[in-house]
Every structure is written in C-alpha cells, then in structure tokens.
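Please open the structure in your viewer and keep the selection tool handy. We will take a short walk through it, one selection at a time.

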Amino acid sequence: MTDHSALLHETLAAIAQAGDEAALESVRVAALGKKGTISALLATLGKMSPDERRSAGAAINALKDEVSAALDARRVALKSAGLQARLEREALDVSLPVRRAGVETGRIHPISQVLDEITAIFADMGFAIAEGPDIESDDYNFTKLNFPPGHPAREMHDTFFFAPDDKGERKLLRTHTSPVQVRTMLTQKPPIRVICPGRTYRCDADQTHTPMFHQVEGLVIDNSATLANLKWVLEEFCKAFFEVPHVAMRFRPSFFPFTSPSMEVDIQCRRSGGEIRFGEGEDWLEILGCGMVHANVLRNCGLDPDVHQGYAWGMGIDRIAMLKYGLPDLRDFFDADLRWIDHYGFKPLDIPSLAGGLSGS
Ligand code: DAH
C-alpha cells in the first residue's frame with residue numbers, strides 16, 4: 001500500500017496557504033480536478049486486484065474526503081473573512097452629523113441686505129431701478145450736474161482720475177450716484193421715478209470712510225413733484241427702513257450744485273451707551289442730501305425747466321446699514337472675514353419684503 005501522507009500534507013498546506021477563493025479553487029483543481037493528483041490515484045484502482053482495491057480504495061477515499069473537508073472549511077473561512085473586510089471597508093458612521101447645505105451656511109452681506117430692503121420699500125412706492133457704470137466721464141459726474149470746470153465743489157469729491165485717453169479725455173471713478181440721474185434723464189421721458197443704487201469712490205479712508213462705498217440716488221421728474229412730496233417720500237422711507245411707527249426729520253438748508261433749493265436731512269434719534277435708537281430722543285443724525293433738481297441740470301439733460309420739474313436725493317448705504325444694524329467699523333464690511341459675515345450676515349432665504357418684514361425675524 002502506498003503511503004499518501006506526503007501528498008495529504010502537501011495538499012493541506014496548499015489549502016491553508018490559499019489567500020482567496022480563486023487560489024483555493026486552483027488547489028482544488030490540482031488535487032481533485034480531472035488531472036488532479038488524487039484523481040490520478042483513484043484512476044489506479046481499476047488496474048488493481050479486488051483485494052488490493054479494497055484496502056487502497058479505502059485509503060484513497062479517506063484521503064479524498066479529508067482534502068474535500070479541508071477545502072470546504074477553508075472556503076467558508078475565506079468567505080467570511082472577505083465579508084468582514086468588505087464590511088470594514090464600506091463602514092458608515094451613522095452617528096456623524098449631516099453636512100449642512102450651502103443655502104443654510106451661506107450669508108447675505110449687510111450691504112446687499114440693506115440694498116434689498118431699500119429696493120423693496122421704493123418698489124412699493126412705484127420706483128424703478130436705474131444703473132450706470134462705475135467708470136464715468138467728467139461730463140456726467142460733474143459738468144452736466146452743474147459743477148462748472150474749476151468750481152471748488154469738484155475739489156471736495158477727492159476724485160480718482162484715470163490717465164487721459166487718446167482723445168485727451170480724463171475718465172474717473174464716479175464719486176457719487178448722481179451721474180445716473182443724468183443718464184436717466186437723457187434716455188427716458190418724464191414722468192421719471194427711479195432709484196439708482198451702486199458703488200461710488202473717493203480717495204478717503206478711516207473708521208467711517210472707505211475708498212469704495214455705496215450710495216442710492218433717487219430721482220423724480222414729474223409736474224406734481226414738489227418739496228412736500230419729497231418730504232413725504234423720505235419720511236415714509238425712514239419709517240419703513242428703521243421699522244419704527246414715527247420718525248421726526250429735520251430739513252436744513254444746504255448747498256449742492258445740482259439742486260436748488262438744497263437740503264440736508266437729519267433724523268431724530270437717541271444715543272446712549274454706544275447705542276443709537278431711532279424714532280425717539282433729542283439727538284439728530286444726518287442721513288442724506290436732497291433738493292429740487294436745478295434748472296441747469298434739467299437743461300443739460302435735454303429737459304425744458306419751464307415745462308419740467310423734479311426732485312432728487314442721495315444717501316450713503318453703508319452709513320444707514322451701520323446705523324440700523326449697529327456695525328461699528330465700516331472697514332469690516334470689506335475685510336471678507338468669514339467670522340464677521342457669519343455673525344452679521346443674513347439668511348439667504350429671508351428675503352426682505354414690506355409684507356413679510358424687512359429684516360427677517
Ligand atoms: N451726490 C451727493 C453726494 O454724494 C448726494 C446728493 C445730495 C444727491 C443731494 C442728490 C441730492 O441727488 O439731491 O454728496
């Protein structure tokens with residue numbers, strides 16, 4: 001009788017070493033496949049005498065059974081190890097917090113918020129929006145607005161000028177939104193009722209001035225446009241914007257080249273302990289300039305002052321944003337500091353409306 005222990009030992013070792021199911025299958029084929037070592041042994045039985053066959057057959061079948069059992073056991077072990085590895089690879093920590101969507105984490109800048117609030121208020125009064133470019137001509141920024149060349153009021157604007165172009169024209173960064181009045185009167189027929197929000201530029205920087213800032217201009221050209229109407233529009237605006245039922249306003253005579261008469265407007269407030277409240281108190285705070293559009297401006301923009309009349313005003317957006325939301329330093333507006341915007345910013349889906357509330361909650 002042949003000793004099969006070497007073959008058994010070798011095959012069991014190969015089974016133990018098979019690292020995956022494919023390797024195990026190769027070991028099975030090498031032992032039990034058609035041309036396998038154990039199959040070859042079984043094939044020898046046919047040539048044996050009945051006695052030899054009985055003892056050799058029992059030994060070979062025992063060998064085959066042991067190998068088959070080892071193969072099965074290893075297959076089960078490899079399967080469960082594979083499953084375990086996959087479970088570990090694809091593990092999900094269901095206790096981790098869900099990542100919040102952009103619309104929940106993004107914030108609207110206070111300037112954009114205030115701009116939306118202003119737009120909501122004036123749209124409700126029937127005003128349209130007019131826009132103009134940041135780079136303006138001297139003519140639209142000054143001359144057509146009745147600042148004659150060499151007039152001292154030009155010097156007060158701390159203008160950023162560009163180098164003269166081929167035609168010798170010196171463009172500038174608009175110092176106020178008033179040139180949009182000019183553009184509107186030159187292109188639209190009265191009655192005109194527009195607000196013109198936008199960026200403006202002056203060479204100036206401290207806690208309450210930045211070289212780029214924002215203004216909103218208002219312009220009404222209509223035969224019923226009077227100072228009384230202007231006063232009503234501004235009062236209604238202030239009540240709606242500061243979200244108070246009453247607000248006292250003071251109109252002081254002033255000078256702007258493009259309006260006559262011209263006024264500056266203060267609103268009533270109370271300052272206490274670094275805080276400021278509107279609609280009460282004995283203090284006054286200047287918030288805007290306004291007046292009846294000067295006859296020269298109407299004429300410069302193609303309107304006959306004997307036929308047309310109107311009023312205009314101009315207001316700093318950054319300033320009223322600081323006042324309404326208690327923001328102490330204007331320079332923070334332009335620092336792009338995420339911590340600041342997270343704290344002072346507004347939720348994107350709280351859209352300001354007169355019906356739903358301007359400043360949200
Ligand atoms: N443009 C002026 C400025 O920047 C503000 C202003 C005052 C605009 C009176 C007006 C106005 O339309 O009527 O200082």
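Start by selecting the ligand and the 15 residues around it; H176, S178, R202, Q215 and E217 come nearest. Keep in mind as you look that this is a predicted model.

Now show the side chains of two of these residues. At R202, an N or O atom of the side chain is 3.0 Å from an oxygen atom of the ligand. Move on to Q215, where a side-chain N or O atom is 2.9 Å from a ligand oxygen. Next, select W313 and display its backbone: a polar backbone atom here lies 3.3 Å from an oxygen atom of the ligand. On its own, the ligand has 360 Å² of accessible area, and the protein covers 90% of it.

Switch to a cartoon view and colour three strands: β5 (212-221), β9 (283-293) and β10 (310-316). Each of them supplies at least two residues of the shell around the ligand.

For the last stop, select T177. Where does T177 sit? You will find T177 in the loop that runs between β3 (172-173) and α9 (179-187). Is T177 buried or exposed? With a relative accessible area of 0%, T177 is buried, because that value is under 20%.

Show what surrounds T177. Beyond its neighbours within four places in sequence, T177 is in contact with C196, P197, G198, T200, Q215, V216 and E217. Finish by picking E217 from that list: its side chain makes a polar contact with the side chain of T177, at 2.9 Å.

Note on methods. Residues numbered from 1 in each chain as written. Predicted model: local features only at pLDDT ≥ 70, side-chain atom pairs only at ≥ 80, totals over all residues. Heavy atoms only, no water. Helix = DSSP H or I, 4+ residues; strand = E, 2+ residues; numbered from the N terminus. Buried < 20%, exposed > 50% of the residue type's maximum accessible area, 1.4 Å probe, protein only. Polar contact = N/O pair within 3.5 Å; in protein donor to acceptor, adjacent residues only side chain to side chain. Contact = heavy atoms within 4.5 Å. Near = heavy atom within 4 Å. Areas by Shrake-Rupley, 256 points an atom, 1.4 Å probe, with all protein chains shown as cover.
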